[in-house]
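Here's a quick tour to read alongside the structure. Keep the viewer open and pick out the residues as they come up.

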Amino acid sequence: MNAFLHNLITLIWKDIVAELRGKEIITSILSFAILTLVIFNLALRATPQMILTLSPGILWISFIFAGILGLTRIFVNEKENGNLEGLLLSPASREAIYLGKMFSTLIFMLIAQSIILPIFSILFNVSLFEPMLLLILILTTIGFSSIGTLFSAIAINTKSREIMLPMLFVPIVIPIIIGAVVSTGTIMEGGNWPDIRQWVQLILVFDILAFVFSTLTFEQILQE
Amino acid sequence: MAVFKLRNILHITTFVMMLVVLYAIFLWVPTDKNLGISQRIFYIHVPLAWSGFLAFVLVLIGSVGYLWKRTPKWDHLAHASAEVGVLFTTLMLTTGVLWAKPVWGVWWTWDPRLTTSLILWLIYVAYLMLRAYSSDRYQAERSSAILGIFGFIDVPIVYLSIYWWRTVHPQPLVGPATSGGLDSSMYNVLMLSTLVFTLILVCLVLERISIFKSERSLEEIRWSLELSK
Amino acid sequence: MEPSISSAIEINSLRKSYGAQFILNNINLVVNWGDFLCLFGPNGSGKTTLLKILATLYSPSGGTLRIAGVDLDENPSHIRKNIGVVTHQPLLYSHLTGYENLYLHGMLFRVPKLENRIIDVAKLLEITPFLYKRTDILSHGMQKRISLARSILHDPSILLLDEPDAGLDQSALSILDNLIESIRGRRTIIMSTHNIDLGLRLANRVAILSAGKMLYNEMNDKMDSNEFKQNYTHLTGESK
């Protein structure tokens, strides 16, 4: 197996084992998302019909805010004991370090979402097991984790990381949030591929730009 | 000192033209038939939007230049332009809000242009926050350069997504600035005002850059004093 | 893994500055294969920065650096395979066990027969009793030992040790002493420390860094400890 792939898998393995032991990222995403879902139901004075219209938005709001919580944690264990330096001392390329983090973040977000979705279905009385919905979910989460990993690395070097990450992250990912919410809503209302095609393309374009850009510039943050 | 003189000429020219355009906006140009006196804010609002955007183009140039060449002057350009850009965008949003109320009856509407402006503002406010909150100055320079580039790339995508969104969920509200075309005197004033605001942008950015340079020189002097002890 | 180039490390006019701030100023140093160089200097003298530049973590602002015959700019990745580094921080993932931490680094360095290698190194550094425990429950001294194990896992020809004795009590210090003796083998070592007695005992060459400048660089031929301490105080202003 070539060195890059080997290192990438090793780094992803490392993050997964650490998360299995510590359970900090997935639990924070899960708990916060569920709290958000509950609060929205109680705080909005909405009829069941209105709730149905609002539900795609509520789902994605909970994913975004819970996702932010998760993202603030992904580099904590790297900063803690200077572990990132340990990785930089190894032959692993800086791109592999970025991609390793990005993929493990993606995996954690998707795991959390796969638990949140059934809970959402139950609380909101909607069926969500549509392949197109899963496509939207995965594509948008790829966008979140690409640019989120980059911004998380930037934010962790600031004095106020909890506010810095959302300030960087939210305005930038607005296009894919809109895309995700509108297409989720369209699917839930019985729409089909032609209706959501342009949104999926938008999310895909964003993902590609974010991914390429982050991979190329991540090294800049690691330098001294 | 040729440079000193050039800057002086720039400042004086800008100042004089500012007076001219103020006169033009408030006293010379005819009042709009449909929108009334409040329409005059248009001659300030639109140039602010334009020069604010230009400032962010300068941030992009400075950011790319810095990541490529790593010399302080590119970083100064990006930082100074971001500050002035945020200032202008804040004023643009404020004048927009003040104008919207008498004309449209509402303070704000989530149409593509306004919403994108708001998000643009948020992105560059985040840029300034990143500068302020970074623990290490050199980290701040690199991180903000990254934001300066991707933020700029992102803005057209943001606009597009909101535009499509508004096509799907249209806003029941009337359009914008002009009620049926500008007559030539209005157009001329608008162009003049745009030029003046661009000049103000250039003046402010240059001044801010020279302050950054002075701060750096001061630091260098302090350090050589330290070392020679 | 010993390439046949004349010197292990060659530093020429090395400079490191942050804007106007000079951390290292015109450092010249040659370290031969098999040398054990001990670097002394007060806090803030630039010892850590120098070691980090040698470790390819920081890039110099000027000057040249060749490690194991390779220029720093040319191929930093190749250099990393030949060096082992111990820094102030243990570089260990707290949720992972010592074994898993070593396994991680072994995988990244493509260490052959990794499991056996880990067991051998663990024996050498006497960490086998707590190898399978999570590192966050271990004492500072134990973590330092695992960190040392990590640094030699891939059998590098050059070791960079930044104050390996920092924060260790007397008993842990004597273990460290023995450990360094047992791992030095034919390796080239650069170690920084505040402990002059330790340094003079282990090293065959000593250097003193102060305010970013190298003020002293001599072979250690059974140097008298008190004399050296006086010289050190004279050069740096720090009493020992």
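This is a predicted model: local features need pLDDT of at least 70, side-chain atom pairs count only at pLDDT 80 or more; totals for chains, interfaces and linings use all residues.

The briefing takes in chains A, B and C, with 24 residues of chain A in contact with 27 residues of chain B, and 5 residues of chain C in contact with 6 of chain B.

**Chain B overall**

- Chain B has 6 helices and 0 strands, so reading from the N terminus you get α-α-α-α-α-α, with helices and strands taken as DSSP runs.
- Along the principal axes, the C-alpha atoms of chain B fill a box of roughly 75 × 45 × 25 Å.
- Of the 229 residues in chain B, 33% are buried.
- Take the contacts in chain B with a separation of 6 or more: 77% of them are between residues 24 or more positions apart.

**Where the chains touch**

- On the A–B side of things, 24 residues of chain A meet 27 residues of chain B.
- Helix 8 and helix 9 (193–222) of chain A each supply at least two residues of the side that touches chain B.
- Which of chain A's helices gives the most to that side? It's helix 8, with 10 residues.
- Sorted by class, the side of chain A that touches chain B has 15 nonpolar, 8 polar and 1 charged residues.
- Chain C puts 5 residues in contact with 6 residues of chain B.
- That side of chain C splits into 3 nonpolar, 2 polar and no charged residues.

**The largest nonpolar core**

- The largest nonpolar core holds 186 residues, and the ones touching the most other members are A:L168, A:I177, C:L54, C:A149, C:L160 and C:I190.
- Helix 8 (residues 161–188) of chain A gives the most to this core, with 15 residues.
- Zoom in on A:L168 and set aside its neighbours within four places in sequence: its contacts are A:F151, A:I154 and A:A155, plus B:A126 and B:L147 from chain B.

**Helix 1 of chain A against helix 3 of chain C**

- The axes of helix 1 (residues 3–22) of chain A and helix 3 (residues 98–108) of chain C come within 9 Å and cross at roughly 165°.
- At that angle, helix 1 of chain A is roughly antiparallel to helix 3 of chain C, because angles over 145 degrees count that way.
- The crossing of these two helices is left-handed.
- From helix 1 of chain A, the contact uses A:N7, A:T10, A:K14 and A:V17, while helix 3 of chain C brings C:E100, C:L104, C:M107 and C:L108.
- Together, the residues of this contact divide into 4 nonpolar, 2 polar and 2 charged.

**Helix 6 against helix 9, both in chain A**

- The axes of helix 6 (residues 94–124) and helix 9 of chain A come within 9 Å and cross at roughly 110°.
- Are they roughly parallel or roughly perpendicular? Helix 6 and helix 9 of chain A are roughly perpendicular to each other, because the range for that label is 65 to 115 degrees.
- On the helix 6 side you'll find A:R94, A:E95, A:Y98 and A:L99, and they meet A:S214, A:T215, A:F218, A:E219 and A:L222 in helix 9.
- By class, this contact has 4 nonpolar, 2 polar and 3 charged residues.

- A:A3 is in helix 1 of chain A. Counting C-beta neighbours inside 10 Å gives 14, so A:A3 is partly exposed.
- A:A3 and A:A92 are 89 residues apart in sequence, yet their C-alpha atoms are 8.1 Å apart in space.
- C:S13 is in strand 1 (residues 7–18) of chain C, and its phi is near 45°, a positive value in a residue other than glycine.
- With 13 other C-beta atoms within 10 Å, C:S13 is partly exposed.
- C:E126, also a residue other than glycine, has a positive phi near 55°. Look for C:E126 in the loop between helix 4 (114–124) and helix 5 (140–152) of chain C.
- C:E126 has 15 C-beta neighbours inside 10 Å, so this residue counts as partly exposed.

Key:
Residues are numbered from 1 along each chain as its sequence is written. Chains are lettered from A and ligands numbered from 1 in the order in which they are written. Two residues are in contact if their C-beta atoms, placed from the backbone, lie within 7 Å. Ala, Val, Leu, Ile, Met, Phe, Trp, Tyr, Cys and Pro count as nonpolar, Asp, Glu, Lys and Arg as charged, and the others, Gly among them, as polar. A nonpolar core is a set of buried Ala, Val, Leu, Ile, Met, Phe, Trp, Tyr and Cys residues joined through C-beta atoms within 7 Å. A residue is buried if 20 or more other C-beta atoms lie within 10 Å of its own, exposed if 12 or fewer, and partly exposed in between; C-beta atoms are placed from the backbone. Helices (H or I, at least four residues) and strands (E, at least two) are DSSP runs, numbered from the N terminus. Axes are lines fitted to C-alpha atoms, for helices over the stretch in contact, and angles run from 0 to 180 degrees between N-to-C directions. Angles under 35 degrees count as roughly parallel, over 145 as roughly antiparallel, 65 to 115 as roughly perpendicular and the rest as oblique. A crossing is left-handed if the near helix is turned anticlockwise from the far one by less than a right angle, and right-handed if clockwise.
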